[in-house]
Amino acid sequence: MMTVIRNKIAGLSGFRLIHFCFLLIILYCHRDRAAFRNPAASESGLFISGMVRDEYGPLTHAVVRIQTTAVCDTTDESGCFRIETPDDHTPVVLTAWAPGCFIAGGTEIVPGTDSLVFDLMRIPDGDHPGYGWISAFSEASGSGNCQVCHAGGAGSANAMTGGPDSGGDLPFDEWIQDAHAQSSRNIRFLTMYTGTDVYGNTSPATRFGYSRDYGSFPLPPDPCEPYFGPGYKLDFPSTAGNCSACHVPAAAVDDPYGTDPLSVTGTAAEGIGCDFCHKVWDVRLDPATGMPYDNMPGVLSFEFRRPPDGHQFFAGPYDDVAPGEDTYTPIQKRSEYCAPCHTAKFWDVRIYNSFGEWLESPYSDSETGRTCQDCHMPAGLNDHFARIESGGRIRDPATIFSHRMPGAMDEDLLRHAVTMDVTASRQDKSVTVNVEITNDQTGHHVPTDSPLRHLILLVTAVHASGDTLDQTAGPVLPGWCGQGDPADGNYAGLPGRAYAKILEEFWTGIRPTGAYWNMTKLISDNRIAATDCDRSSYTFVSRSEQPVHIEVVLLFRRAYKQLSIWKSWEDPDIVMAEATIVLD
């Protein structure tokens with residue numbers, strides 16, 4: 001046999017010689033793997049074998065998969081694979097993928113086929129800034145709009161007609177409800193950026209003082225002037241800042257420090273859109289810390305692969321989406337994908353840090369932990385992510401991640417963030433209430449990210465007649481929990497405890513502040529870290545033998561009370577946990 005092969009090789013040259021060598025390798029691999037595997041199974045026709053290659057030759061460690069299943073094989077050092085099929089007569093759809101390549105295949109192959117060759121196309125090197133972003137919405141001009149194929153519920157292009165697949169939510173339907181889709185028009189973000197309230201009333205321009213040693217510095221707002229809260233543009237009117245690097249990333253990717261979010265229109269104004277996320281190829285992190293570099297917020301820490309003219313590129317969490325110019329990147333299933341926009345320093349003070357908090361917690365353990373996606377993109381809600389009539393494939397629901405991405409607006413997520421245990425006792429005229437709050441269900445601090453967010457633990461004790469018991473020991477809520485009628489959400493001075501990261505502006509002394517674009521210093525941070533428990537105790541005096549009703553409520557508040565009043569924000573507090581105890 002080998003003599004015949006040598007004779008044939010002697011008569012070949014150029015491309016024919018290369019082609020013949022590939023066939024020879026396939027035959028050799030097929031023979032070698034057949035000897036290694038079960039010969040009887042091989043003869044029954046239950047295997048498909050062949051080779052994966054690119055323009056430079058065979059590819060090692062390429063993955064060949066029966067599409068939508070866990071059945072796969074990895075090519076050996078010769079680029080060969082051999083994959084078992086479910087039965088001996090039903091064709092299967094095979095795909096092949098290797099790092100740095102687009103996915104190939106997507107066609108049916110008959111069991112028993114050998115000498116099958118997958119030719120993979122390599123992904124073009126570099127990013128191409130001239131690429132025009134694709135809108136997520138079907139009514140937008142251009143082709144390939146995400147809603148057309150990835151909406152199945154109310155967002156479906158033909159839901160009103162009752163066409164097939166018009167029922168359950170698909171990725172577009174989920175994304176359109178998510179905060180990421182609203183990042184560019186989030187009213188809290190915009191009013192903090194502009195220094196206005198929700199009605200467009202604008203605070204006076206920032207006043208500045210001057211010091212020979214320090215130069216100009218900001219002064220507190222004039223108490224005699226109408227005030228509608230702080231704003232970046234009040235303090236830095238001649239610059240755009242870097243807010244767009246996270247809030248309007250498709251516009252900021254080529255100009256992260258010069259993109260004014262108020263001037264962005266078109267597809268870039270769709271927030272953190274589908275096309276943007278699926279052009280991310282990798283994330284740049286500091287190898288010494290595992291964190292993004294301090295001077296590279298948002299888009300500056302992402303590595304993109306926008307395609308050249310005439311081509312497309314989509315990166316996702318599957319290695320079997322074919323045919324098309326699609327590829328797999330593991331970063332989309334890792335917490336590092338979230339890092340660039342969920343950690344940030346301003347003036348050397350760590351402001352956002354949910355990724356860093358996760359990284360320092362047991363949840364980051366690669367064997368026993370959980371990723372950001374596990375909690376914020378929970379799987380199991382659907383069995384396909386593209387419309388069936390548009391080429392969607394039925395998959396195991398456990399492999400399909402939700403694009404709803406619940407966060408600080410989601411009541412169900414917040415109610416399952418911590419566990420609160422309350423005990424109470426009564427002895428003579430004294431009533432004692434003990435509260436434990438354990439962060440046992442969240443992979444970062446609670447609350448996290450925006451320093452405006454905080455928790456309010458409110459403890460009340462009343463007699464059956466309605467008379468409130470006087471507190472004799474234990475913490476009370478600080479002034480920034482609101483001065484005034486408790487019925488209006490003003491809880492300052494009441495029994496309880498607040499959990500927050502408190503920042504103070506360096507020059508004006510304003511605290512707590514959310515104007516972290518100015519120089520600030522960290523005053524305190526008593527938020528509850530992952531797996532930690534906070535305990536507090538409250539003592540009341542009971543001057544009656546009536547039963548005592550104790551109510552303990554843990555509230556999530558999106559912003560400080562005074563700031564919400566200035567801005568006319570009306571986000572209601574969300575109850576995270578509550579308990580009631582009656583002492584006879």
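Two strands count as paired if DSSP finds at least two bridges between them. Strands themselves are DSSP runs of E with at least two residues, numbered from the N terminus. This is a predicted model, in which local features need pLDDT of at least 70 and side-chain atom pairs count only at pLDDT 80 or more, while totals for chains, interfaces and linings use all residues. Residues are numbered from 1 along each chain as its sequence is written, and side-chain values use heavy atoms, with hydrogens and water left out.

The sheet is open and has 4 strands, in the order β4-β3-β6-β7, with antiparallel pairing. Because β4 (72-74) and β7 (104-109) stand at the edges with a single partner strand each, one side of each has no neighbour in the sheet. From one strand to the next the twist averages 15°, with axes taken as lines fitted to C-alpha atoms and angles running from 0 to 180 degrees between N-to-C directions.

Strand β3 (residues 63-66) pairs with β6 (residues 92-97) in the antiparallel sense, over 4 bridges. In this pairing Arg 65 lies opposite Thr 95, and Ile 66 lies opposite Leu 94. Strand β3 is also joined to β4 by 3 bridges, again antiparallel, and here Val 63 faces Thr 74. The hairpin of β3 and β4 has 5 residues between the strands, and Thr 68 takes a positive phi near 70°.

In a regular strand the side chains alternate between the two faces of the sheet. On β3, Val 63 and Arg 65 are on one side and Val 64 and Ile 66 on the other, and all are buried (under 20% relative accessible area, with a 1.4 Å probe and protein chains only).

Terms used. Buried < 20%, exposed > 50% of the residue type's maximum accessible area, 1.4 Å probe, protein only.
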